[in-house]
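Here are my notes on the model, as numbered points. Have the coordinates open while you go through them.

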Amino acid sequence: MVEQVQIESVKVHPVHSGPCPSMDKWDTATMKKYLPPDVDCLKVHSTEIWDYATMRQYLPPDVLGRFKECLVTGAPTPTGDMKVIADGMFKWARSRGATDFAHWFFPIRGGGGATGGIGGSYKIDAFIDLDWSSKTPNKPFLPTFPADRLFQGESDGSSFPNGGLRVTHQAAAFTTWDRSSPPMVVDKVLRIPCSFITHYGKCIDDKTPLLRAADAVHREGLRMLKAMKVATDAKAIYSYLGWEQEFFVVPADKYKARPDLLNCGRTLIGVLPGRNQQADLNYFGPIPVRVEKLLSTVHTEMMKVGCPMAVRHNEVAPGQHEMSPIFCVSNASADNNVLFMEIINREASKMGLQVLFHEKPFKGINGSGKHANWSVGTDTGINFFYPGKTDEARTIYVAAIACLAYGLCQHNELVRCSVATAGNDHRLGAQEAPPAIISLYPGTGFESHVDTIIAGGDLLAYKAEKKLQSTGCTNAMPVEAPTEDRNRTAPFPFCGNRFEFRAVGSSQNCSFPIMVCNTIMAAGMSKLADLLEGGTSLRDAVAQLYKQNRHVIFTGNGYSAEWPAEAAKRGLPNLNTTPKAIPTFNSEKNKAIFSKLKILAADETDARVEIMYESYNTTVLIEARTMINMLETGIIPACAKDLKKYESCKDLAGSRTEVYSSIAKQTQKLKDVMAKLPSDMVAEANYLCDTVLPAMNTLREEVDKAETLMDADLYPYPNYESLIYSHHF
């Protein structure tokens with residue numbers, strides 16, 4: 001008999017299922033009708049997550065102990081324990097109202113910004129199985145959760161981006177639970193975070209390389225500490241991530257009336273209103289009522305699944321906002337971020353709103369990033385990127401930054417590739433985000449210390465002492481300022497106890513860039529361990545790393561016009577477009593480090609290059625075709641109608657005839673350009689970047705002129721003003 005588990009009673013709050021009213025009807029009474037009541041998030045936090053606290057309630061201590069040990073050693077969970085864990089998880093999930101489960105995995109989407117572009121994938125399976133002990137031909141079914149369904153699943157690998165690692169006649173791929181990322185109940189479905197690999201063990205997802213890179217950090221970090229003869233009681237090294245997710249919120253009805261937002265995630269035409277972000281009026285200002293209802297609801301939903309959401313605020317651009325959690329282990333944090341993007345759009349749809357994750361949805365105002373606050377530390381509590389108060393902690397800190405400098409310098413192009421997408425190209429280097437030149441900002445004081453070490457100085461001469469800064473008034477106490485100032489123009493700045501990878505795009509899955517951060521850090525720790533094991537003293541080994549990679553350290557203004565010229569003198573790459581960056585990813589040097597650290601095999605690295613090209617080409621092609629469609633079915637007909645109004649008073653037409661005619665000509669030019677697309681994938685990417693996008697930009701200039709001339713009632717699409725402001729009031 002299939003074992004039946006006692007089910008606890010479940011109480012589910014009824015949710016209104018009627019159609020969502022239009023935005024102009026969203027008053028307080030409507031919100032109360034269509035949305036669940038406010039909930040104290042601090043009272044319901046972590047109620048929907050299978051974390052250690054929950055496991056202690058549902059698993060025997062010996063089973064939980066072996067489970068934890070397996071996470072450290074990498075050993076498979078014993079077969080007998082698998083059944084106990086599955087039974088306990090089933091009982092808990094049913095107590096939370098779950099009727100189904102899903103293996104939740106993360107195909108290589110590559111960003112892009114269009115709705116759903118980075119979401120995780122899953123199919124929903126019911127908590128049932130046949131009663132195999134029954135002798136009847138038509139066997140009854142029972143509620144159950146067999147252990148093999150928890151730990152492994154199967155899917156079609158050929159229908160996801162795979163870079164040639166799967167084809168239709170060799171399509172098998174498998175999901176397997178990432179045991180270090182806790183399952184959670186979302187919408188009555190038990191979500192099980194999973195790796196996704198092919199029949200031959202090749203990864204075709206974003207999670208698996210991140211987990212492999214985390215293993216490399218663990219392995220090389222312990223090796224480095226042993227060679228340094230410090231913190232030798234550590235048994236594990238972890239990487240951590242705290243993300244800062246930026247996004248825009250717009251009215252759903254106006255979003256649906258913009259083909260460019262629907263298909264591309266960004267506006268391809270449009271003029272800013274007179275008041276936009278000039279006076280920084282939006283930054284940290286009061287959150288509009290409807291948006292605050294959305295953000296607070298999402299805050300509660302994320303707290304339920306154990307994600308410690310800590311911050312929400314208005315960003316610089318009107319209509320732009322940010323939410324962020326406290327950090328946690330990087331793979332679980334990346335999963336939380338994907339879930340956040342899914343949940344916020346789900347909740348927004350209930351309120352007549354739409355969330356935009358594209359890196360540059362509106363021209364002329366700030367775009368959106370996903371600042372990745374990344375750190376590395378031991379299971380004993382030592383943070384590699386915190387200066388600390390003991391000689392041991394300070395020694396690790398100085399050595400760790402040397403390892404990071406080595407990784408950023410020697411694998412500079414790899415870091416750039418990790419944030420290379422069509423959407424992010426519009427943002428990087430646009431005076432709102434760091435440039436495409438990858439450099440390290442450890443602070444001006446520490447930069448001086450690096451030069452001292454290179455010149456023969458002591459590793460411990462740097463004193464990371466906080467200082468009190470007076471407010472100059474009686475009632476406000478002095479503030480405690482950290483040792484180093486913040487540099488928002490740097491792609492990789494030090495932030496007190498972590499480094500912030502500021503170049504990550506808003507629509508990206510964090511897993512890929514953090515995998516690369518882990519890779520370069522592991523590479524640096526491996527290099528330092530090699531030197532120490534070869535007999536070089538710690539001081540001299542650290543000095544050697546700093547001297548070799550000194551040119552990657554830059555503490556100046558990354559937005560300045562002088563920096564690209566200075567970077568070129570230093571030999572730092574300036575891969576300012578995705579097609580320039582992609583071919584460097586699978587260089588022999590990068591393949592070698594991926595192989596050495598057991599993160600990606602050569603064919604897996606090549607596959608990712610193919611996927612990056614496919615993603616870039618598909619994104620820009622969709623944009624170009626959408627633009628042509630919008631012009632031919634919307635803008636040009638509106639131009640004709642508007643011009644007709646001036647037939648009897650041509651003196652009032654101004655430049656309309658010239659501008660409108662130019663639009664028609666530039667539209668045809670774009671069509672002609674599109675007709676000459678190369679068939680080769682690499683050539684196509686370069687052509688789209690160097691020829692198609694400039695043609696689109698030229699056409700846009702004329703269309704945006706037309707918007708300022710045309711009768712507002714004839715303009716066929718919601719304008720910027722209505723998109724970014726109308727839901728605020």
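1. Is K188 buried, partly exposed or exposed? K188 has a relative accessible area of 40%, so K188 is partly exposed. For the cut-offs, buried means under 20% relative accessible area, exposed means over 50%, and partly exposed is in between, with a 1.4 Å probe and protein chains only.

2. Before going on, a word on the source. This is a predicted model, so local features need pLDDT of at least 70 and side-chain atom pairs count only at pLDDT 80 or more, while totals for chains, interfaces and linings use all residues. Residues are numbered from 1 along each chain as its sequence is written, and side-chain values use heavy atoms, with hydrogens and water left out.

3. Back to that loop. K188 lies between strand 7 and strand 8, and D187 sits in the loop between strand 7 (184-186) and strand 8 (189-198) as well. Have a look at the backbone here: D187 has a positive phi of about 50° without being a glycine, and K188, also not a glycine, has a positive phi of about 65°. Helices (H or I, at least four residues) and strands (E, at least two) are DSSP runs, numbered from the N terminus.

4. Next, S368, in the loop between strand 13 (353-356) and strand 14 (370-378). At 0% relative accessibility, S368 counts as buried. Leaving out neighbours within four places in sequence, S368 is in contact with E246, F247, F248, Q320, H358, E359, R427 and S506; contact means heavy atoms within 4.5 Å. With Q320 there is also a side-chain to side-chain polar contact of 3.1 Å. A polar contact is a pair of N or O atoms within 3.5 Å; within protein, one must be able to donate a hydrogen and the other to accept it, and residues adjacent in sequence count only if both atoms are side-chain atoms.

5. R416 belongs to helix 13 (residues 412-417) and, at 2% relative accessibility, counts as buried. Where does the side chain of R416 reach? To the backbone oxygen of L575, at 2.6 Å. Setting aside residues up to four places away in sequence, R416 touches D425, L428, A436, I438, L575, N576, T577, T578 and A581.

6. Axes are lines fitted to C-alpha atoms, for helices over the stretch in contact, and angles run from 0 to 180 degrees between N-to-C directions. The crossing of helix 16 past helix 17 is right-handed. A crossing is left-handed if the near helix is turned anticlockwise from the far one by less than a right angle, and right-handed if clockwise. On the helix 16 side the contact is made by G524, K527, L528, L531 and L532, and on the helix 17 side by L538, A541, V542, Q544 and L545. By class that gives seven nonpolar, two polar and one charged residues. Ala, Val, Leu, Ile, Met, Phe, Trp, Tyr, Cys and Pro count as nonpolar, Asp, Glu, Lys and Arg as charged, and the others, Gly among them, as polar.

7. Helix 17 also meets helix 12 (residues 391-410): the axes come within 9 Å and cross at roughly 35°. Helix 12 passes helix 17 in a left-handed crossing. Among the residues that meet are Y406 of helix 12 and Y546 of helix 17. The contact has 12 nonpolar, four polar and no charged residues.

8. Helix 21 (residues 602-644) and helix 22 pack at about 155°, axes 10 Å apart, and are therefore roughly antiparallel to each other. The crossing is left-handed. The contact includes I628 and L631 in helix 21 and I663 and A664 in helix 22. Its residues divide into 14 nonpolar, two polar and five charged. D672 lies in helix 22 (residues 656-674) and counts as partly exposed at 37% relative accessibility.

Technical notes
Angles under 35 degrees count as roughly parallel, over 145 as roughly antiparallel, 65 to 115 as roughly perpendicular and the rest as oblique.
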